[in-house]
Amino acid sequence: MITKEQVWKGLRLESSDKEIRDIFQSDDFEEDNYYDFDMLMNVLHKALNKEINFKFFIDWCILVANSYNYTKDGYKTKLGKLYCDVGYMFDGISFMDEYDRKELLSAIADLKYYNHLIIQAKKRKKEPFLTNDVERILVFDHANWNFDSSVYRAIIKDYKHKKWEIRYVDDCLFEFDESKNYSFVDDKEFEKIFDEFYNENSDWKEVHNLKF
């Protein structure tokens, strides 16, 4: 069995590349809560700044993905599902062929939102993920093959002024800004949020000048 001490050593980049590969190739990890937001963000920033060998980074991503199969929170719990989603995200990153700034910034935005959901799950309450009273809610719509990019439908909600806007945004035209928070939802949740603006008691006003 791979002990939790060995897993944590690899997650903290305290192991060699070979040691990390030996760990993630095992199918018998000791269970633990392997989620550490600050640690994950630290390594993503190292990758963004190219301060870590690319192959080492990819192997580390595989270790992250595999370790989240052995969290103490079961898949049927809300927290367990969120940890599984984080692991699945890092599994996707492990298929990168080279450092990609746009993809890494997208991963950072995703991880920040997952961390928000994890905090909310622990508190057993739901709060919007705001930046200066503004919520940016996205759902993937389609791939733009001309630019090898992703197009999202986005709702921007200004809670201070009770204004909202809906638009399409294409990530060929922007990078996810780490100073802003983004919420990533599915189609069902997106439509539910959109419909709420048309509740007869809603005092939100639709506008066309909010900054994404």
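This is a predicted model: local features need pLDDT of at least 70, side-chain atom pairs count only at pLDDT 80 or more; totals for chains, interfaces and linings use all residues.
Residues are numbered from 1 along each chain as its sequence is written, and side-chain values use heavy atoms, with hydrogens and water left out.

Let me start with helix 3, which covers residues 37–48; helices here are DSSP runs of H or I with at least four residues, strands are runs of E with at least two, and both are numbered from the N terminus. Its 12 residues reach 16 Å from the first C-alpha to the last, close to the 16 Å expected at 1.5 Å a residue, where the expected span is 1.5 Å times one less than the number of residues. At the start of this helix, a side-chain oxygen of Asp 36 comes to within 3.2 Å of the backbone nitrogen of Asp 38, and after the helix comes Lys 50, with a positive phi near 55°.

Turning to the strands, strand 3 (residues 149–158) and strand 4 (residues 163–170) run antiparallel and are joined by 8 bridges; two strands pair if DSSP finds at least two bridges between them. They form a hairpin with 4 residues between them, and Lys 162 in that turn has a positive phi of about 55°. Asp 158 stands opposite Lys 163 of strand 4, and Lys 163 also stands opposite Lys 205 in strand 6. Strand 4 pairs with strand 6 (residues 205–206) in the parallel sense, over 2 bridges.

Terms used. A polar contact is a pair of N or O atoms within 3.5 Å; within protein, one must be able to donate a hydrogen and the other to accept it, and residues adjacent in sequence count only if both atoms are side-chain atoms.
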